[in-house]
Structure formats: structure tokens, C-alpha cells
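Please look over the sequence and the model first, then read the points below.

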Amino acid sequence: MTPGSAGSRPAQRSRGFRGIRWLLVRLGGAIFVLWAVATLTFFAIRLIPGDPAEAVLGGPGSQASQETLDQVRQDYGLDLPLAVQYLNALGRLLTGDLGTSYALKVPVSDLLGAQIGGTLVLAFTALCVAWLIALLLSVWSTGGGRVAAAVGQGIELTSAALPHFWLATVLIAIFSSTLGWLPPVSTATPAGLVLPTLTLAIPLAGFLAQVMRETLLDTLDAPFIVSARARGESERGIRLRHALRHASLPAISLSGWALGYLISGAVVVETIFARPGLGRTLLQAVTLRDVPIVTGVVLLVALVYIIMTVVTDAASRLADPRLRNAEAQP
Amino acid sequence: MTAPDTLLEVEGLSVSFGDTEVVRNLSFHVSRGECVAIVGESGSGKSVTARSLLGLAGRGSRVTSSTLSVAGRDLTAASERDWRRIRGSQIGLVLQDALVSLDPLRPIGREIGDVLRLHSPLSAENARSRVLELLASVGMPNPERAITQRSGELSGGLRQRALIASAIALDPPLLIADEPTTALDVSIQARILDLLADVKSRGTGILLISHDLAVVSAIADRVLVMKGGRIVESGNTQELLALPREEYTRRLISAVPTDKPRRVPLVPDAMPVPAPTVHSTQDAMAPVVLEARGLTKSFPSPSSPFLAVDDVSFTLRRGETLGLVGESGSGKTTVARLVLALAPADGGAVLLEGGAFSELRERDRRPLRRKVGAIYQDSLSSFDPRADVRRILTDASELAPKADRHSVGELLDAVGLSPAVAKARPLHLSGGQRQRVSIARALAARPDVIVCDEPVSALDVTIQAQVLDLLDRLQAERGLSYLFISHDLGVIRHMSDRVAVMKNGRIVETGDAARVFDHPQHPYTAQLVADAPRLVDAL
């Protein structure tokens with residue numbers, strides 16, 4: 001009688017097959033996006049005024065002779081036609097070679113490998129803290145009557161609108177300069193991570209809480225919540241066992257986007273807190289027109305973004321079985 | 001004064017939201033092993049009454065009563081903590097449509113197990129075996145598999161069984177069922193009512209809430225008729241049905257279409273439906289307006305293609321109603337979409353007035369489309385939410401030939417709506433008004449045929465009666481032909497001249513409505529006839 005009760009074995013097998021196909025489609029998409037990002041970056045960077053060869057020799061102020069410049073152009077393949085340069089760059093990328101930094105004269109992959117850890121730690125910590133704040137805020141604002149709802153909504157809106165540079169300055173002014181609790185410069189200690197994390201997490205938490213609160217309110221009106229209450233479930237049980245899971249669904253799908261937002265936010269935050277990381281590396285590289293580093297950072301961020309999207313998709317499918325079943329239907 | 005077997009005792013129950021009192025001074029009782037039904041239209045306060053008995057009247061409500069006791073416990077001053085102990089253990093609640101009344105993200109085993117976890121010291125292992133036992137007792141075919149499934153993975157009937165299992169998990173003395181069968185097919189509805197009757201026979205008191213007297217008459221011992229927050233009439237089910245005192249009760253009884261002959265109005269004291277002016281429906285010589293020949297449609301599915309419509313043929317004559325009846329999933333709506341040429345058929349063809357219709361290219365078909373109108377179950381989602389009624393009707397009437405256009409006023413008048421409705425948006429209309437607007441929209445293009453796909457399934461019986469009467473009248477006045485699709489055999493029988501019974505995509509029986517239903521040849525038709533809710537059973 002139930003759909004799929006007869007011959008559940010083939011159904012199981014085809015579910016596994018669908019999972020693999022889903023992964024292959026995602027993988028193909030990821031490769032396409034990486035190629036597109038590499039191409040865009042390659043050409044966009046030619047639009048930055050200035051001679052790359054000069055950048056190699058230390059910028060426009062280097063006063064390098066024509067011979068030296070020619071030598072550099074030849075060494076770096078900059079004298080070749082643009083199409084050949086492009087294909088060379090793609091070929092190097094395929095072998096995993098991101099090139100050598102113009103300014104620092106070290107392989108870009110080594111440089112990024114050393115920097116990405118700090119940025120990822122910062123971004124993931126901020127994501128987790130933002131989730132925590134958003135969960136607490138939305139649960140409190142939907143459960144505490146009209147005043148809490150209004151206050152909660154106000155907090156969400158304000159924090160979502162805060163720019164990172166301003167928030168960072170204010171946090172430093174309060175917690176470092178006035179209270180002296182936390183260092184104004186991000187050191188390697190856990191205490192050094194607190195202020196940069198808060199700077200990134202607070203505006204994101206505002207966004208996430210807005211989405212969660214809305215779904216939470218919708219869910220709390222659903223008939224299955226009445227059913228759960230009629231079983232004798234407590235208010236806390238209603239939220240923990242039923243409503244929060246529904247409310248987290250849209251926030252999960254937003255998290256992929258959120259990580260991209262956090263990494264771009266890291267450029268500002270790492271600079272303000274003098275914290276080593278991808279963001280600061282990128283900023284310096286752009287100032288020095290260090291093309292290989294810029295390309296490397298952009299590709300790396302794109303890769304992280306793609307991985308995160310796949311992860312959030314998988315997490316959504318895990319949290320919401322209806323997504324898995326929906327694909328089975330015509 | 002209270003009899004020893006009285007389970008639920010309510011005196012002077014009032015519920016208000018702000019300044020509006022939605023339930024006024026209600027008094028009734030339910031005894032052990034008794035089923036009491038509260039019947040009334042939407043908005044009569046019956047659901048609020050049911051929920052206030054669980055302390056769940058909702059945010060912003062004020063509930064007062066002089067007596068409120070369940071199984072001897074006084075609940076007039078119960079705290080939230082007391083209520084939580086009562087809910088689930090002393091009173092179980094079954095709501096409409098388990099698809100949304102069970103958490104769609106949680107397996108039903110967990111949902112049912114929650115009741116045991118909250119109120120009993122059972123270990124996880126024992127709770128699991130108790131859940132399996134419960135599912136078996138409500139007639140779940142494969143409990144071991146069912147506990148891992150979610151409400152969306154079960155059919156309508158099975159998930160409703162699961163919902164009932166969760167409500168009776170602790171064998172509460174009182175079960176409240178709020179429209180427990182409203183979203184279900186008639187045959188499944190009959191099985192769920194059997195299940196509730198079974199629960200009742202084990203000594204559980206049941207408070208059954210419904211808008212449909214026919215449904216409750218099958219199992220209720222007593223009926224309370226509710227209107228505007230008050231009980232206007234109450235009594236033994238059979239006496240109340242035989243000798244209703246109130247006009248409102250008579251309206252509810254009269255609205256039940258089952259066994260009402262064709263063209264007899266369902267609203268009492270209404271004008272009789274005029275005799276057809278264009279063609280007699282008995283006239284076998286009336287021209288065929290629409291014909292379906294060997295329609296076939298399949299949908300891709302993971303294993304093998306699912307054949308939704310399998311070699312379906314029928315003809316529809318001018319001024320006639322052809323009823324298409326069958327359970328959900330039988331392919332009725334797919335037939336409607338093929339007839340309206342909204343989906344291409346894999347095989348077969350639809351002919352309009354003897355000429356090609358479904359096989360035309362869309363550009364050639366467009367001028368003909370106005371001749372085939374449609375009315376849907378969920379009319380609200382078929383309207384542009386930003387358009388007001390005037391826009392909706394004007395847009396539709398521009399499809400009609402220039403010389404032959406209705407004004408908005410005429411259209412509203414034809415469907416019995418006041419001219420003031422023209423300025424309203426569909427969202428602000430009642431369900432019955434919306435369905436009238438949807439009929440007016442269908443009329444506006446001056447169609448010959450109207451495909452009515454479950455046009456009254458979302459309406460209360462009293463509103464359903466008004467809409468059916470309206471469709472009957474319009475047909476007689478305008479010589480319209482209806483392809484009338486419904487899962488409700490009572491409605492089909494009342495509305496149709498001829499019927500086609502569908503099962504698994506095929507028409508299993510077809511013929512004159514009276515002949516098919518009085519002397520069904522196919523066992524499936526016989527089953528449908530037996531399951532249709534009717535009042536006469538109680539008499």
C-alpha cells in the first residue's frame with residue numbers, strides 16, 4: 001500500500017545512485033566555476049594600470065633599466081601573446097602550480113598555505129558564533145511576548161546594518177582601550193581571536209536571526225505544533241524538538257553564502273587587527289600589483305565557497321528528508 | 001448530579017479574543033464510551049471549543065468556565081504545568097490532515113514515542129515495542145517500516161492512522177478529533193471512522209468536531225449543533241436528524257448531497273432549479289460538444305513510467321453533466337489537464353464540437369480555449385493576488401466575442417454576489433465567495449464546457465450546497481456542459497447525468513448516474529457507494 005513498500009531494494013539502490021549522480025553534477029559545476037573564475041581573474045588583472053614587469057622589480061619606483069625589464073618579461077613569459085599567456089596560466093593551474101609571487105619571490109601555494117589557516121579559523125569561528133547568537137536571539141525574541149519581539153527585531157536590524165570597520169573600531173575602543181580586557185591586535189592566543197570574531201559574527205548574526213525568527217514564527221503556528229502541545233510537550237520541548245529544526249533550514253542554506261561574506265569581511269578585519277591571513281595578503285598583493293598572489297587568493301576563495309555550497313546542500317538534505325524524497329518524484 | 005461515568009463536564013464555557021467572544025456560555029458533557037459531535041460551519045467556534053478543553057485556545061485568548069472537569073479532575077484553575085500533565089495522558093487530540101499535523105521532519109515513531117517519553121517511565125526499548133503495538137492496532141500494514149517514515153512518505157489514510165495512534169498512545173479516557181477525516185477520500189474516511197468507532201467501543205469517550213453532519217452521524221451518539229459560538233440545538237443523533245427543531249440544523253441536514261435526486265436544491269426553501277431551457281439532459285440527440293478518445297498519459301518515475309491515464313474515452317453532450325469519480329491518484333485531475341490541453345497527451349485526442357482541440361498547435365488552439373472553462377478546488381491560488389475581482393472578471397470577459405460580453409455587474413449577479421465584491425481582492429473573500437468569483441470568471445469567456453475539478457472539496461457542506469445549487473441553475477439557464485470531477489460520490493451523484501468511475505488511470509464503469517450507483521457492476525463502484533457518508537444510516 002505505501003509507496004515503495006514493494007521492492008524496496010531497487011528503491012534503495014536507486015537512491016544511492018541518485019546520491020552519486022548528485023555529487024558528480026556538483027563536481028562538474030565546481031570545475032566549471034573554477035575555470036570561469038580563473039579566466040575572469042586573468043583578464044581582469046590586465047585591466048589594472050601599470051607594468052607587471054615593474055611590479056616584479058619592486059614597483060614603478062624601481063627605476064629599472066630597459067634590459068632588466070625585458071629580461072623579466074622574458075623570464076615570466078610576459079612578452080608572449082595574450083592567448084598563449086592565458087593557456088600557459090591554465091596549464092600551470094591544471095598541474096596545481098599557482099606561480100611565484102612577484103614581490104616576495106616565493107611560490108604562491110606556499111604563501112597561501114601558510115595564510116589560509118588563520119583566515120579559515122577566523123571565518124568558521126565567526127560562523128559558529130553568529131549561529132549561536134542568532135539561535136539565542138530568535139528563540140528569545142519569539143518566546144518573550146511583544147516587547148521581546150520588538151527589541152529582538154531592533155537588535156537584528158541594527159546589527160545586520162553595522163559595517164565591519166566601524167564595529168571593529170568600537171569594539172577596540174570598549175574592550176581594549178577602556179576596559180583593557182582584550183588585546184587590540186590579534187595575537188595567536190585565543191583572546192586575540194575574540195574581537196575579530198565578534199566583528200565578523202555580529203552583523204551576520206543579525207541576518208541569520210531575521211531569517212530564523214520568521215521561520216520560527218511560521219512553524220510555531222503549524223498544526224503539528226498544536227499536535228505536539230496536545231501531547232503534553234513543554235514550551236522548551238516544542239522549540240528544541242520541533243521548531244528550531246525547521247527554523248534552521250533556511251539558515252543552513254544561507255551559510256554557504258555567509259562564509260563567502262565572512263572571507264571578504266576578513267580583508268577588513270585582518271587589516272584592522274593586524275592579523276595574518278588571506279585577507280591581509282590579498283590587500284597587500286593588490287597594492288603591489290602582485291598578480292600571481294591575487295589570482296591565487298581569488299581561486300582559493302572560490303574553491304572554499306564551492307566546497308561550502310556543496311556542504312550546505314548536503315547538510316540541508318540531511319536536515320530535511322523531504323529534499324531527498326522530492327527528487328524521487330516525477 | 002454528575003453521573004459516575006461522565007468523563008468530560010463543561011458548564012458555562014466562554015472563550016474570547018480581545019473584545020470578541022467566540023464561544024458563549026457552552027455546557028455539555030461526554031460519558032465513557034460515548035461519541036459526542038459538535039457540528040457547525042467554519043467560524044462557529046467549534047475548533048476553539050475543542051482546543052480550550054486542552055488549554056490550547058491560543059495566544060491572546062481568555063477562557064472562563066464555571067465547571068471544566070476531565071475524568072474527575074477540576075481544570076477551571078489549571079496551571080500550564082497541570083495542563084501539560086493532562087494533555088496526552090487524559091485527553092488525546094487528532095487534527096485534520098496528518099501531513100501537517102505530524103512534524104514533517106521527524107519519523108512518526110518518534111512523534112508517537114514522544115507521548116510515552118513525556119508521561120510514562122517506559123525504557124526506550126519498551127517504548128519502541130509499545131509504538132509498534134499501537135501502529136498495528138490502528139491498522140498500519142507494516143509498523144516496523146512505518147516508525148522510520150515521515151508523514152510525507154505515507155499515504156493520506158495511513159498518516160491519519162499514525163496521528164490517531166499518537167493520540168491514543170496512553171489510552172486517554174477522552175479523545176478529541178477535530179475534522180479528522182476532512183482531507184480524505186470517502187473510502188479512507190469510512191475506514192478512519194471505523195477506527196474511531198473501534199476506539200469508542202473500547203470505552204474511550206470521543207468528542208468529534210466536523211462541519212459535515214453525514215460524517216458524524218455514522219458514529220456520534222449525540223450531536224451538538226453550534227452557530228456563532230453557541231449551541232443552538234442538541235440531542236440524540238437519530239432524533240435530531242429526524243426532527244430538527246432549528247432552521248439552522250435543517251440547513252445542515254439539507255446540505256448533504258448524498259441521495260438527493262438531481263436538480264433538487266440542497267439549500268432549503270431555495271427556488272427550484274428551472275427546467276433546462278436549451279436542451280433536455282435526457283435528450284440523447286443533443287449534440288456532442290466534447291469528446292475524449294483513448295487519452296493516455298504517463299509520468300517518468302525512478303523504476304518504470306507511471307501510467308496516470310490509461311485509454312480514457314468519453315463524450316459530453318450539450319447541457320449535460322458527466323461526473324468523473326475516483327480516489328485521489330486515480331488520474332482524474334490529469335484527465336482534466338488533458339481536456340483543457342494544459343498538458344500534452346501521450347496518445348489519444350480531445351475533440352471540441354467534432355473538430356481537433358488537443359492536437360492543434362497552441363497558436364491555432366488559443367481562439368478556441370475560451371470555449372472550455374475551468375473551476376478549480378483551490379480558487380485562491382488560481383487568482384492573481386494583486387488583482388481585484390473587477391480586474392479578474394474584466395480580463396476573462398475580454399476573451400468572449402466582442403458582441404457577446406458580460407459586464408462585471410452581470411457576472412457578479414449571475415453568481416449571486418453583490419456588486420460591492422468587484423472592489424475586493426480574492427484574499428479578503430470567504431471560501432464560498434471565492435468559488436463564486438471563480439465560477440463568474442469561467443462564465444465570463446462564454447464557454448460551452450466547464451471543467452469543474454473538485455470545485456467544492458475545500459468548502460463546508462452548507463457552502464458546498466449553495467455552490468452546487470448555483471452550478472445547477474447556471475447549467476439550466478445557459479445550456480452549459482460540465483465535466484464534473486470529484487472524489488465525493490454524494491456530490492457526483494447529485495450533480496451528474498452520466499458518470500465515469502476511475503481507478504488507477506482507467507475508467508472501470510460508465511453509464512447513467514442512477515443506473516451506475518443503484519446497480520453498480522464493478523466491485524470498486526460498489527465499494528465507493530457503500531463508503532459514501534449518508535444521513536439515512538442513522539435513521
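Chain A is assigned domain 1 (31–94) and domain 2 (115–321); such bounds come from an automatic or database domain assignment. The model is predicted: local features need pLDDT of at least 70, side-chain atom pairs count only at pLDDT 80 or more, and totals for chains, interfaces and linings use all residues. Residues are numbered from 1 along each chain as its sequence is written, while chains are lettered from A and ligands numbered from 1 in the order in which they are written.

**Domains of chain A**

- The centres of domain 1 and domain 2 of chain A, taken over C-alpha atoms, lie 37 Å apart.
- Their contact takes 12 residues from domain 1 of chain A and 11 residues from domain 2 of chain A. Two residues are in contact if their C-beta atoms, placed from the backbone, lie within 7 Å.
- On the domain 1 side, α1 and α2 (52–56) of chain A each supply at least two residues. Helices are DSSP runs of H or I with at least four residues, strands are runs of E with at least two, and both are numbered from the N terminus.
- α1(A) gives the most to that side, with 7 residues.
- The domain 1 side divides into 9 nonpolar, 3 polar and no charged residues. Ala, Val, Leu, Ile, Met, Phe, Trp, Tyr, Cys and Pro count as nonpolar, Asp, Glu, Lys and Arg as charged, and the others, Gly among them, as polar.

**Overall form of chain A**

- Chain A has 13 helices and 0 strands.
- Its radius of gyration is 25 Å, whereas a compact globule of 330 residues would be near 20 Å. The radius is taken over C-alpha atoms, and the globule rule is 2.2 Å times the number of residues to the power 0.38.
- The C-alpha trace of chain A spans about 85 × 65 × 30 Å along its principal axes.
- Buried residues make up 34% of the 330 residues in chain A. A residue is buried if 20 or more other C-beta atoms lie within 10 Å of its own, exposed if 12 or fewer, and partly exposed in between, with C-beta atoms placed from the backbone.
- Of the contacts in chain A between residues at least 6 apart in sequence, 70% join residues at least 24 apart.

**Confidence in chain A**

- The average pLDDT of chain A is 81, and 91% of the residues score at least 70. pLDDT is the predictor's confidence in each residue, from 0 to 100.
- Among the elements of chain A, α9(A) has the highest mean pLDDT (91) and α13(A) the lowest (69).
- Residues 1–13 of chain A have pLDDT below 50; beyond near neighbours in sequence, this stretch has 9 contacts in the model.
- Where pLDDT is low, the predicted coordinates should not be read in detail.

**Interface of chains A and B**

- 25 residues of chain A contact 35 residues of chain B.
- On the chain A side, α1 (8–46), α9 (223–230), α10 (235–272) and α13 (321–326) each supply at least two residues.
- α9(A) gives the largest share of that side, 6 residues.
- The chain A side divides into 10 nonpolar, 9 polar and 6 charged residues.

**Strand β10 of chain B and its surroundings**

- Strand β10 (residues 222–227) of chain B is mostly covered, with 5 of its 6 residues buried.
- β10(B) pairs in the parallel sense with strand β3 (residues 35–39) of chain B over 4 bridges. Two strands pair if DSSP finds at least two bridges between them.
- Within β10(B), B:Leu224 stands opposite B:Ile38.
- β10(B) also pairs in the antiparallel sense with strand β11 (residues 230–236) of chain B, over 6 bridges. B:Arg222 stands opposite B:Asn236 in β11(B).
- The hairpin of β10(B) and β11(B) has 2 residues between the strands, and B:Gly228 takes a positive phi near 55 degrees there.
- Helix α11 (residues 247–254) of chain B has the buried residues B:Thr249, B:Arg251, B:Leu252 and B:Ser254. Their cover includes β3, β10 and β11 of chain B, among other elements.

**An open sheet in chain B**

- Four strands of chain B form an open sheet in the order β13-β12-β15-β16, with antiparallel pairing.
- β13 (306–317) and β16 (355–356) of chain B each have a single partner strand, so one side of each is left without a neighbour in the sheet.
- Strand β12 (residues 288–299) and strand β15 (residues 347–352) of chain B run antiparallel, joined by 5 bridges. B:Glu291 has B:Leu351 as its bridge partner in β15(B).
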